[in-house]
Amino acid sequence: MAFINNETLNVFKQKANQLVNRTFDKHINLAVTGLSRSGKTAFITSFVNQLVNENSQSKLDFFNVIHQGRFIAAKRVPQKSLHVPRFAYEKSMSAFTQEPPSWPEPTHGISELRLAIRYQPKDSLLKFATDTATLYVDITDYPGEWLLDLPLLNQTFEEWSEATNLLLTESVRHEKSQPLIDKINQLDPFEIVDEEKLAELATEYTQLLLHFRHEMGLSVIQPGRFILPGDLENAPILQFFPYTNFKSIDINRYQNADDNSLIGMLRARYIEYKERVVKAFYKEHFINFDRQIILADCLTPLNSGPDSFKDLQHALNLIMESFNYGKSGIFTRLFSPKIDKLLFAATKADHVTPEQHEHLTSLLNQLVHQSKHQLNFDEIPMATLAIASVKSTKSGMGNYQGTQIPVIQGRKVGDEQLMTLFPGTVPAKIPSSEFWQNKPFNYVSFAPFQSVTENQALPHLRMDQVLEFLLGDKIK
Ligand SMILES: Nc1nc2c(ncn2[C@@H]2O[C@H](COP(=O)(O)OP(=O)(O)OP(=O)(O)O)[C@@H](O)[C@H]2O)c(=O)[nH]1
Ligand SMILES: [Mg+2]
């Protein structure tokens with residue numbers, strides 16, 4: 001009979017452990033998106049911060065692995081893709097740790113971060129073989145504007161130009177767009193192109209898009225890369241614009257137009273943009289995502305008014321098309337993505353009093369559901385939550401004309417003064433025209449409430465429910 005001494009047994013156990021560990025380590029690609037300023041940077045920072053500081057006051061009761069005492073630790077580890085910029089976690093955290101704390105700077109383009117989460121598996125068989133397992137989470141932050149480009153893949157330059165012309169001449173965009181449309185319409189589309197003139201008009205079109213987004217709070221921005229060019233800034237591939245006078249040109253002549261003519265060059269760049277920018281994003285990145293969270297700031301458009309809100313609705317419809325890959329022609333043709341869970345989060349919920357959160361969730365749900373009707377969704381489980389990645393207000397009751405009403409208190413961005421207010425009621429459904437008549441909502445942008453140290457967990461609302469939905473089933 002073979003004799004196994006303790007040392008051999010230990011080596012054997014170690015080897016078995018390594019083997020099983022290797023087998024049971026799991027991996028997930030989690031994508032985070034939302035239109036600009038929707039709260040992506042704050043969200044990822046808080047997501048990571050909650051996990052790496054799990055033992056210091058983080059409140060994650062709804063995250064089962066923690067609730068069941070199986071969570072061991074989480075840490076940041078070097079990211080997988082070396083060609084994608086790193087998500088600047090330290091820089092973002094330093095905004096929250098300074099005195100007084102502030103919000104992180106806006107970011108541009110795509111970035112990545114990898115987290116390793118060690119935990120004790122629940123499964124007894126697995127537990128017998130190994131004490132711990134690791135879940136690697138690759139988190140990608142990318143602009144939601146990039147998803148607004150998907151419909152371009154199904155449109156010719158002519159179709160896109162006509163659709164854009166229609167959008168630009170609609171009431172809300174009309175006034176600002178008219179001067180550029182006038183300039184475009186004066187051009188001879190078949191003359192040999194003056195590249196400098198073309199670049200000038202493309203810049204003007206980009207300025208217009210930036211104005212729509214940042215000054216008017218509109219959401220439908222196409223092409224999405226124009227306002228978030230990343231490393232393509234000033235590249236000719238981003239120098240084109242919709243031709244707004246198709247109705248007055250001979251279509252045969254257009255079809256035969258040379259690439260050196262103005263219209264030919266616009267068309268050639270549009271086609272190149274679809275190939276090298278839009279398709280490339282879907283093929284290089286989107287195809288690898290396992291799970292997606294879409295952040296939506298519904299409160300700013302509610303505050304800005306009906307046009308802005310309607311535009312958010314339209315943008316969400318366009319964004320949803322990227323998840324309609326079951327039967328969609330574009331996707332069957334190009335590739336098959338594998339996203340198996342989709343979470344919609346209404347961000348900045350700490351801007352409203354707690355009893356309004358339910359309304360906020362159901363409002364976002366309606367926005368999403370509306371487009372779900374129009375699309376053929378495969379069975380992707382979806383959920384909707386109202387969250388605050390970094391809770392920046394306190395809630396309580398206040399006295400208003402002798403009655404107790406719910407209020408929030410926070411520090412207004414830009415001045416250090418504390419404000420207490422009832423910001424208004426969030427409609428539980430897509431608001432009707434009456435809703436807009438009495439300026440229903442008073443949105444105040446709040447600064448982070450109090451600074452934390454690097455090793456402290458940030459205050460939040462429902463980040464634990466986010467974690468459970470996105471990771472819970474992978475960490476059993
Ligand atoms: N009160 C509150 N405000 C938030 C929260 N998250 C984000 N904000 C506000 O929203 C702004 C934008 O947040 P970011 O996280 O930078 O948004 P982003 O989507 O990364 O923005 P870009 O990088 O510019 O696309 C912040 O500067 C804050 O003013 C939150 O949880 N609570
Ligand atoms: Mg950002």
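**Reading the ligand site**

Mentor: Start with one contact: a polar side-chain atom of D350 lies 2.9 Å from a nitrogen atom of ligand 1. A polar contact is a pair of N or O atoms within 3.5 Å; within protein, one must be able to donate a hydrogen and the other to accept it, and residues adjacent in sequence count only if both atoms are side-chain atoms. This is a predicted model: local features need pLDDT of at least 70, side-chain atom pairs count only at pLDDT 80 or more, and totals for chains, interfaces and linings use all residues. Residues are numbered from 1 along each chain as its sequence is written, chains are lettered from A and ligands numbered from 1 in the order in which they are written, and side-chain values use heavy atoms, with hydrogens and water left out.

Trainee: How far is a polar side-chain atom of R37 from an oxygen atom of ligand 1?

Mentor: That distance is 2.8 Å. The side chain of H351 also has an N or O atom 3.5 Å from a nitrogen atom of ligand 1. The protein buries 94% of the 640 Å² that ligand 1 exposes when taken alone. Such areas come from the Shrake-Rupley method with a 1.4 Å probe; for residues, only the protein chains shown count as cover.

Trainee: Which protein atoms are donors of the magnesium ion (ligand 2)?

Mentor: Donors are N, O and S atoms within 2.8 Å of the metal (3.2 Å for Na, K and Ca); water is not among the atoms, so sites may look incomplete. Here they are T41 (OG1) and T107 (OG1), lying 2.1 Å from the ion. T41 sits in helix 2 (residues 40-52) and T107 in the loop between helix 4 (89-97) and strand 3 (111-119), so the pair ties together parts 66 residues apart in sequence. Helices (H or I, at least four residues) and strands (E, at least two) are DSSP runs, numbered from the N terminus.

Trainee: Is T41 buried or exposed?

Mentor: Buried means under 20% relative accessible area, exposed over 50%, partly exposed in between (1.4 Å probe, protein chains only). T41 is buried, at 13%. T107 is partly exposed, at 41%.

Trainee: Which side chains make a polar contact with the side chain of D138?

Mentor: H27 does, at 2.6 Å. R114 does too, at 3.0 Å. D138 lies in strand 4 (residues 133-143) and is buried, with a relative accessible area of 0%.
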